Amino acid sequence: MRGGLALSEFPPTHAAMTATKSIAFIGLGVMGAPMAAHLARAGHHVTVFNRTASRAADWLAGIEADGLKGVVAETPRQAANGADVVITCVGNDDDLTQVALATDGAFSAMEAGALFIDHTTVSADMARRLAEEAGKRDFQAIDAPVSGGQAGAENGKLAIMCGGTAQAMARATPVMESYAARIVHVGNAGAGQTTKMANQMCIAGTLGGLSEAIRLSQAAGLDTDRVLEAISSGAAQSWQMENRWKTMVRGEFDFGFALDWMRKDLDYALAEAERLGLETPVTTMVDGFYKELQDIGAGRQDTSALIQRLPKGENK
């Protein structure tokens, strides 16, 4: 499924949508591993690299158990050698610099005419730097951070926000459709990352409101399931409410997206806002709340753990 007017102007041919490609996938975390598996299921020749080699071995064993094939490379350079498309999904700017631009990084082996897709959430500056470097080497690049969490990656239902040229998007879209439900071309290099920053700002603010609403309901002695039923179809409805309200009530925070990663993402957002001369009081406040949770060792819990800052109060 495509989003954005630019894609409708440059629709890929049926042959392009179904053609088998040689794809290097770098980064096999909770998001990257299922995304790479979807590419293998789609019939592409997938070579993977992960800095923790055991994860790559586990990934290969998993797809082979499903009757699929893949290859494990020892370096990003080896993975990218001869690849039509190189995809990265790592942690942050430093990680991406290492796997893409280091001596044994993917860019050192990518050939003219290849395509680079980055699904890491990084700074907009990093995205623009990679696009510029790709241009110097005569291949295309798009920044394409994702939303939808671990479940979205596993179910092939991610939302992807993209920055790059229309030509690069027309080539990248058939590949990303293997694991995406929605793909939107937002603008030029860096636009995908800036859109992801906006996404994370919205999530942070929403979870702050949900935390307080749940505590209000509990303190008033209300049935929180009935409260959810009453408000979840109105203007307050959100993905976070539908998917996290009940688990927040139960105190369950063992999900895919750790608040450590949210703080990293919000740091990029706050830095970009400062560069643009903007004020961000709500995001700054919620970022501080997440830091409090990090300081007590909750950094690997889901972002909905924000509610733990607030005492339950007493029923009146």
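**Figure 1. A charged side chain over an aromatic ring, at R309 and F289.** In this predicted model, the charged end of R309 is placed over the ring of F289, 3.7 Å from the centre of that ring. A further arrangement involves R244, which lies over the face of F255 at 4.0 Å from the ring centre.

Figure 2. A pair of aromatic rings is described by two quantities, the distance of the centres and the angle of the planes. The count for this model comes to two aromatic pairs. In one of them, the ring centres of F107 and F116 are 4.9 Å apart and the planes stand at 85°, so the pair is edge-to-face. The rings of F107 and F139 have their centres 5.0 Å apart and their planes at 85°, so this pair is edge-to-face as well. F107 belongs to the loop between helix 6 (93–101) and strand 6 (115–118), while F139 belongs to the loop between helix 7 (124–136) and strand 7 (140–143); the pair therefore ties together parts that are 32 residues apart in sequence. Through these ring pairs, F107, F116 and F139 are linked into a cluster.

Figure 3. The model has one cavity of 30 Å³ or more, and the volume of the largest cavity is about 60 Å³. Which residues line the largest cavity? The lining consists of F116, D118, A127, L130, A131, A141, I142, D143, G163 and A189. Strand 6, helix 7 and strand 7 each contribute at least two residues to this lining.

**Figure 4. A131 and its surroundings.** A131 counts as partly exposed because its relative accessibility is 25%, which falls between the limits of 20% and 50%. Apart from residues up to four places away in sequence, A131 touches A141 and A189. The C-alpha atoms of A131 and I142 are separated by 7.0 Å, the two residues being eleven places apart along the chain.

**Figure 5. The largest nonpolar core and helix 3.** The largest nonpolar core holds 37 residues, of which F25, M35, W59, I87, I117, I160 and M176 touch the most other members. Which helix gives the most to this core? Helix 3 (residues 32–41) does, with six residues. Helix 3 is mostly covered, as nine of its ten residues are buried. The buried residues are G32, A33, P34, M35, A36, A37, H38, L39 and A40. After helix 3 comes G43, whose phi is positive, near 100°.

Figure 6. When residues up to four places away in sequence are not counted, F25 touches G32, M35, A36, L39, V46, T47, V48, F49, I87 and C89. A second, separate core has 24 residues, including L96, A100, A114 and L130.

**Figure 7. The largest pocket.** The volume of the largest pocket is about 1,200 Å³. This pocket is lined by 45 residues, and the closest to its centre are V30, M31, G149, G256 and F257. Strand 8 (146–147), helix 8 (149–155), helix 10 (191–219), helix 12 (239–250) and helix 13 (259–275) each supply at least two residues of the lining. Helix 10 gives the most, with six residues.

**Figure 8. K264 in helix 13.** K264 is found in helix 13. Is this lysine, K264, buried or exposed? K264 is buried because its relative accessible area of 16% is under 20%. Leaving aside its neighbours within four places in sequence, K264 is in contact with G91, N92 and T121.

Key:
Residues numbered from 1 in each chain as written. Predicted model: local features only at pLDDT ≥ 70, side-chain atom pairs only at ≥ 80, totals over all residues. Heavy atoms only, no water. Core = buried A, V, L, I, M, F, W, Y, C linked by side-chain atoms within 4.5 Å. Buried < 20%, exposed > 50% of the residue type's maximum accessible area, 1.4 Å probe, protein only. Helix = DSSP H or I, 4+ residues; strand = E, 2+ residues; numbered from the N terminus. Contact = heavy atoms within 4.5 Å. Phe/Tyr/Trp six-rings, centres within 6.5 Å; stacked < 30°, edge-to-face > 60°. Lys NZ or Arg CZ within 6 Å of the ring centre and 35° of its normal. 1 Å grid on protein atoms, 1.4 Å probe; cavity = no way out; pocket = protein on both sides within 12 Å on 5 of 7 lines; lining within 4 Å. Points joined across faces, edges and corners; volume = space filled by probe spheres on them.
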